[in-house]
Amino acid sequence: VYGTFKRGFPNSHLLERSTYIGDFRTVDRFPLVVGGQWFSPYLLDIPNTGNNVRGEVYAVDDAVLADLDHLEQVGVNYSRKVAKVTSSSDRSFQADVFIYFKTNQLDKLIDKTYMEDYQCRKYVPRHMRSQKVYSMATSPR
């Protein structure tokens, strides 16, 4: 995971029933950007562009994977694909893992700043978005 599922981030609770394997980075370079009004992290499926993205690897069961797919809206907003990663502590260790790639609005994201490690703390979780819209609409200008 490279974004809001990482430890200490708003959606990390979805991985509580999973086993943390370690810190890894992608073998191929990809653009990782922050975009949209909710400051979401997006990994774009454009190999050999961007950076070797840092993230965490977890062993998950089918139920957790289904929860992650649901939140990411696989088939609508994201696709889940296999990609190769290498361990941050032992570069000789590689693994094939599932990674979520953004599938829509790419034209709005491709020109954003590419990063190798998502650390943005402005992300608005889904359960808070209606409150955020309300507070933005009613706040004085």
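A nonpolar core is here a set of buried Ala, Val, Leu, Ile, Met, Phe, Trp, Tyr and Cys residues joined through side-chain atoms within 4.5 Å, where buried means under 20% relative accessible area, exposed over 50% and partly exposed in between, with a 1.4 Å probe and protein chains only. The model is predicted, so that local features need pLDDT of at least 70 and side-chain atom pairs count only at pLDDT 80 or more, whereas totals for chains, interfaces and linings use all residues. Residues are numbered from 1 along each chain as its sequence is written, and side-chain values use heavy atoms, with hydrogens and water left out.

**Exercise 1. Describe the largest nonpolar core and the surroundings of Ile 99.**

Step one: the largest nonpolar core has 30 residues, and those with the most contacts inside it are Tyr 2, Leu 43, Leu 68 and Ile 99. Step two: the elements that give two or more residues to this core are β2 (32–35), β3 (40–43), β4, α1, β5 and β6; helices (H or I, at least four residues) and strands (E, at least two) are DSSP runs, numbered from the N terminus. Step three: with contact taken as heavy atoms within 4.5 Å, and not counting residues up to four places away in sequence, Ile 99 touches Tyr 2, Thr 26, Leu 43, Ser 79, Arg 80, Lys 81, Ala 83 and Val 85.

**Exercise 2. Work out the order and pairing of the open sheet of four strands.**

Step one: two strands pair if DSSP finds at least two bridges between them. Step two: strand β1 (residues 19–26) is joined to β4 by six bridges and runs antiparallel to it, with Thr 19 opposite Ala 59 in β4. Step three: β1 also pairs with β5 in the antiparallel sense, over three bridges, and here Phe 24 stands opposite Ser 87 in β5. Step four: nine bridges join β5 (residues 78–87) to β6, again antiparallel, and Tyr 78 faces Lys 102 in β6. The order is therefore β4-β1-β5-β6, and because β4 (54–59) and β6 (94–102) stand at the edges, each with a single partner strand, one side of each is left without a neighbour in the sheet.

**Exercise 3. Determine which side of helix α1 is buried and what that side packs against.**

Step one: the buried residues of α1 are Val 64, Leu 65, Leu 68, Asp 69, Leu 71 and Glu 72. Step two: they cover an arc of only 165 degrees around the axis, which puts them on the same side of α1, the arc being that of the directions from the helix axis to the C-beta atoms. Step three: these buried residues pack against β5 and β6, while the face turned away from them carries the exposed residues Asp 62 and His 70.
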